[in-house]
Amino acid sequence: MDEAQKNWIQRFLSYLNHERRFSPHTISNYGRDLKAVVTYCEKQDISTWQDLGEYQVRLFVAAGHRKGLSPRSLQRRLSSLRSFYRYLTREGQVKINPALEVRAPKAPKRLPKTMDVDMMGKLLEMPHKDPLSVRDWAIMELLYSSGLRLAELVDLDMTDVDLSDRTVRVTGKGNKTRIVPLGRFAVEALAKWLHERGSMAGAGTEQAMFLSQQGRRISHRSVQSRVKLWARRQGLPVEVNPHLFRHSFASHLLESSGDLRGVQELLGHADISTTQIYTHLDFQHLARIYDRSHPRSRRRK
């Protein structure tokens with residue numbers, strides 16, 4: 001493919017960044033997936049995006065499968081390719097989306113990992129006596145209180161949080177906005193952080209809710225490393241990352257309320273089937289209780 005054809009990928013990634021407001025991590029994945037498509041096209045002497053047909057896309061997936069790519073990786077590649085062709089169609093470059101009817105091998109469903117309530121409580125009992133630890137405490141309380149994605153948390157501005165109303169305005173995937181309630185402990189932690197925030201360099205001009213020590217908007221990597229650090233300091237026996245708070249939020253809320261639709265709204269899932277995976281977690285919890293409690297289900301020691 002010549003540079004003019006490859007340049008459409010850069011335009012697409014720019015569109016995802018500026019119009020769709022996708023996270024840098026997601027955009028990087030799209031770029032990597034489409035680079036693999038370009039490599040395949042060049043090996044097959046496919047010179048333009050119009051020349052790539054459904055049959056060639058099926059061969060592309062089959063080639064990845066032979067190389068040992070997991071079903072999830074193949075699904076993601078196909079999803080990236082479909083989205084790219086939707087963009088090309090919108091821009092008048094192609095008329096047909098060749099990846100629309102192609103399916104990858106089915107991947108086994110993996111249940112998300114969660115922390116139980118006691119483990120979460122132990123983590124959030126962290127000491128918070130200096131501005132940096134207060135910031136970290138507020139970050140983790142907010143992640144667990146409202147089930148935010150990492151990118152949503154990092155993108156928060158001061159004006160997005162209303163402590164008097166106990167709500168936070170979140171801009172999620174696809175630039176969709178939702179209002180999420182704040183729990184009592186999150187409100188307390190955020191109020192304390194806002195009191196300390198002014199001591200950070202650049203706090204007077206930076207609109208971001210959470211700042212780095214340099215006074216700039218905190219990065220994804222910094223949040224990840226700080227969460228991991230506090231989990232280790234608090235003696236947690238599991239590897240903790242920011243998304244684990246979101247999984248735990250959804251699981252604990254569904255376990256208590258049984259309201260799948262409500263959890264879907266709070267998480268910002270477009271499709272309820274995405275939320276339904278947490279019903280499997282809830283069932284596992286009930287199954288463990290059954291095994292421990294029912295006279296006819298107790299395992300022999």
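These are my notes on a few spots I looked up in this predicted model.

**Ground rules.** Residues count from 1 along each chain as its sequence is written, and side-chain values use heavy atoms, with hydrogens and water left out. As the model is predicted, local features need pLDDT of at least 70 and side-chain atom pairs count only at pLDDT 80 or more, while totals for chains, interfaces and linings use all residues.

**Confidence.** I checked pLDDT (the predictor's confidence in each residue, from 0 to 100). The protein averages 84, and 81% of the residues score at least 70. Helix α9 (residues 220-233) has the highest mean, 95, and helix α13 (residues 277-293) the lowest, 52. Helices here are DSSP runs of H or I, at least four residues, numbered from the N terminus.

**V154.** I found V154 in helix α7 (residues 150-154). Is V154 buried or exposed? V154 is buried, at 5% relative accessible area (buried means under 20%, exposed over 50%, partly exposed in between, with a 1.4 Å probe and protein chains only). I218 is 64 residues away in sequence, yet the C-alphas are 6.4 Å apart. Leaving aside neighbours within four places, V154 is in contact (heavy atoms within 4.5 Å) with R217, I218, S219, H220 and V223.

**Charges over rings.** I looked for NZ of Lys or CZ of Arg within 6 Å of a ring centre and within 35 degrees of the ring normal. R184 lies over the face of F185, 4.3 Å from the ring centre. The charged end of R233 sits over W230's ring, 4.8 Å from its centre.

Notes:
Helices (H or I, at least four residues) and strands (E, at least two) are DSSP runs, numbered from the N terminus.
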